[in-house]
Structures are given as structure tokens and as C-alpha cells.
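Hi,

Here is the model I promised to pass on.

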Amino acid sequence: MSRTLSARQARRIALAAQGLANPRPTAPVTRRTFRKLVGELGALQLDSVNVFARAHYVPPFARLGPYPTTLLEQEAWGKRPSLFEYWAHAACLIPIERQPLFRWKMRWRRDGGGSPGWKAFLADKRGYIDQVLAEIERRGPVTGGDFAPEGKRTPGWWNWHDGKTALEWLFNAGFITTKTRRGFERVYDLTERVLPRAVLDLPTPPEAEAKRALVRLASRALGVATVSDLAAHYGLKQRETAQAVNELIEEGELVPVTVEGWGRPAYLAKDARLPRRVWAASLLAPFDNLMWDRQRVETLFGMRYRIEIYVPAEKRVHGYYVYPFLLGEQIAARVDLKADRAAGVLRVQAAHREPGADEGQVASALAAELRTAADWLQLPDVAVAGRGDLAADLRRALG
């Protein structure tokens, strides 16, 4: 008979696994602190939208408070990186020692795996792809622009000419990786010239073993999860995830549990912690690790969350690029934020309170966090627009 957890216990376990249960550290954030956090989270999702701050910078802020963003850049693209870029559930920064766990996916791509479009490109352009790889080997680091066709070039990051597509295939197949970034544009080089030799020399595990290790890591990052949750974390298929779950149960790494209201079997990570209290007061980026899986968010918090960037302005409910505000163990508000760097202002373009949240408590806690965020972004002021049922209280709380 499996253990039963209340919905509230499951939520606290999930928040603890995500590094959102304890108070933020008061000491300056070190490389060791940063690496430990990302190791526990498993990945940081990359995204180009820079309305407030790019998505990969914000999860560490939500958990550690104001930290120097140069720290992330050093860990991802510096001389001694601890992270590498690859595909998990999406494009992510992943602890570099876990690179062998993704080699099966690189091999699958090399063997012709992928969508019909990728397969057709490989079949039609194999010779060209080899030429691009040889050119990188000869020339050194390159960008997509280095392979753009002659003549007028289309500006913008999503310029998928043949050169860029070849680079992405080589990246997916593991022949090249991201050496650094210019703005948000990848600068590619041969994987063997970017990753440390100690990582390159690590043995490649069998595919089933690698997937089982990824499910184990996902379970630790989630605390308690369904097969669907575990599969989504690193972009695995549900059938292979279910097989890995059964094996991890036999190994004592996972414990079957029943969570009240979930309606599906769940699994508790062996060392998952159930805190007596959750101390969070954090802004969560739309691609924060806690927000990746929208169905899981709805299960944990009873909140339906959607990004409204592509929704016409007149049809948006909460705003353009909305950050949920986690207070204690509940999502208490949503704020549409914009860093107006030219004016030196963090603009709250809309502020909405979630049902059941106390207006005064939410406003004061959110005001404090917005001021912390503004200081982190080096913006001297915070300004609240009039939109949303929390806006007036928030404006008063900000003084």
C-alpha cells in the first residue's frame, strides 16, 4: 500500500526540491553556491525575451536573491565553465558533467533521427553539412551569420538559411557546441575545443542507463511527480520514463505515493524533504523551473498560467510577459514587468492578485521584492501603472 500525501504536503515537497522553501542566503553568492543550485535544479532554460531579464538569469535570482549576472556568464561561457548548452525539455544550460547523459540523443540525431524536416535536410544537404563542419574546424568559432548566403541578409536571430540550419544540426548531433554568446546569438565551435578534456573522456553510458539517470535527476528536482512530470523535465518519452520509474522503485530511489486530488500515481524522490514552512517571496520567470510544465503548475497551485506575448493586446488578461509572485507556498499575484532601461525604471504594467491572497500582505511583500529586483537590474525606480486589481495597493506599498 502506497503512502498518501495531501496536496499541501506535495506542494511543499515540490517547493523544497526547487530551492524555494528556505530563506535566501545572506552571504554573497559564490561560484560554489551557484553551481550547487543549478545542480539541484538540473537545468536553466534559455530564452531570448529581454523585457525584464532573459529567462535563464531569473531562476537563480528567485532563489538566491541579487547575484552578479556575470557569475552565470562565467559558468556558462567562461574559461572554466560548469554548464553547457543542449536540449533538455527545451534549450537549456545543463551541468557540464552530465553531458554524457545526452550523448544518446546526439547519436540519434547523427543516425538520422528527428522530424521529417530534419530528415529531409540531412538527406539533401549532407555534403554541405560536412563542408560547414570542415570550415569550423579550419576557421574556429563561427556564428550563423558567417554562413549566410551572399546578398541582402535578413536581420534577426531566427534567420534559418541553410548555413544556420546546418549549424543547428551539427549542434544537435554534438559535433559542435556553444562556445559563447554575442547578445543572444550563439557562437559555435567544435565540441572538443569547448568542453574540458575531463568531460570528453567520461564514458558514454548505455542509452537506457542514461535515461534512467535523467529520470532520477528529474525526480530529485521535482520532489514528487507523476510519470508525465518526470518525462517532461528532460524531454523523454512517457513509455521509457515509466520503465525507468519501475527500475528506480526497485533500486529504492523512488517511492510510490498517492497525492490527494492528483488522480494519477505519483512518485516521491528518496531524499525529498517536506518542510514545516515555506519562506518564499519570489518572482518566477515564465520559464522558471517551477513554471516549465503548465499542467503541473495547475495541479500544484490551482492556477492556470499562459504566456500572452502572442495574444493581441486587447485580448490579454494579465499582460504581455507576466511573472507569477510566489509568497509562502502559494502563487499570490501576477505582475506584467518591463525593465525600462533608458528611463531607469522597473515598470509594473499590470498587477493582479490571485484569488484568496490577502491584498495588504501581498502588496507589501511584492513591493519589497520589486525593489530588490529593481536594484538587481540597476534600475533606480519602480513605477506601477493603473491596470489590475492589485495595482492601487501595490502603488501605496511602494510609497
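A definition before anything else: I call a residue buried under 20% relative accessible area, exposed over 50% and partly exposed in between, using a 1.4 Å probe and protein chains only. Helices (H or I, at least four residues) and strands (E, at least two) are DSSP runs, numbered from the N terminus. This is a predicted model, so local features need pLDDT of at least 70 and side-chain atom pairs count only at pLDDT 80 or more, while totals for chains, interfaces and linings use all residues. Residues are numbered from 1 along each chain as its sequence is written, and side-chain values use heavy atoms, with hydrogens and water left out.

On to strand β6 (residues 185-190). Five of its six residues are buried, so β6 is largely enclosed by the rest of the structure. Its partner is strand β5 (residues 176-182), antiparallel over six bridges; two strands pair if DSSP finds at least two bridges between them. In that pairing, I176 sits opposite L190 of β6. Two residues separate β5 from β6 in a hairpin, and G183 in the turn has a positive phi of about 70°.

Next, the aromatics. I count rings of Phe, Tyr and Trp (its six-membered ring) as a pair if their centres lie within 6.5 Å; planes under 30 degrees apart are stacked, over 60 edge-to-face, and the rest tilted. There are 11 aromatic pairs in the structure. One of them is F84 with F102: the ring centres are 6.2 Å apart and the planes are at 65°, so this pair is edge-to-face. It links distant parts of the chain, with F84 in strand β3 (residues 83-87) and F102 in the loop between β4 (91-95) and α5 (103-110), 18 residues apart. F84 counts as buried at 4% relative accessibility, and F102 does at 1%. Y86 and F102 are edge-to-face as well, because their ring centres are 6.1 Å apart and their planes at 70°. Since Y86 lies in strand β3 and F102 in the loop between β4 and α5, this pair ties together parts that are 16 residues apart in sequence. Y86 is buried too, like F102. F84, Y86 and F102 belong to one aromatic cluster that also takes in F171, Y188 and Y234.

R109 has its charged end over the ring of W118, 5.1 Å from the centre. R181 does this with the ring of F184, at 4.3 Å from the centre.

Six of the six residues of β11 are buried, so β11 is largely enclosed by the rest of the structure. In a regular strand the side chains alternate between the two faces of the sheet. In β11, V322, P324 and L326 point one way, and Y323, F325 and L327 the other way. β11 (residues 322-327) pairs with β10 in the antiparallel sense over three bridges, where L283 has F325 as its bridge partner. Six bridges join β11 to strand β12 (residues 330-340), also antiparallel, and V322 is partnered there by D336. The β11 and β12 hairpin has two residues between the strands, and its G328 takes a positive phi near 65°.

Those strands sit in an open, mixed sheet of five, ordered β10-β11-β12-β13-β14. β10 (281-283) and β14 (381-384) are at the edges with a single partner strand each, so one side of each is left without a neighbour in the sheet.

A second open sheet, also mixed, has four strands in the order β1-β8-β9-β7. Its edge strands are β1 (3-5) and β7 (224-225), each pairing on one side only. Strand β8 (residues 254-259) runs antiparallel to β9, joined by four bridges, and V257 has A266 in β9 as its bridge partner.

Last, P275, in the loop between β9 (266-269) and β10. P275 is buried, with a relative accessible area of 7%.

Cheers

Notes. A charge sits over a ring if NZ of Lys or CZ of Arg is within 6 Å of the ring centre and within 35 degrees of the ring normal.
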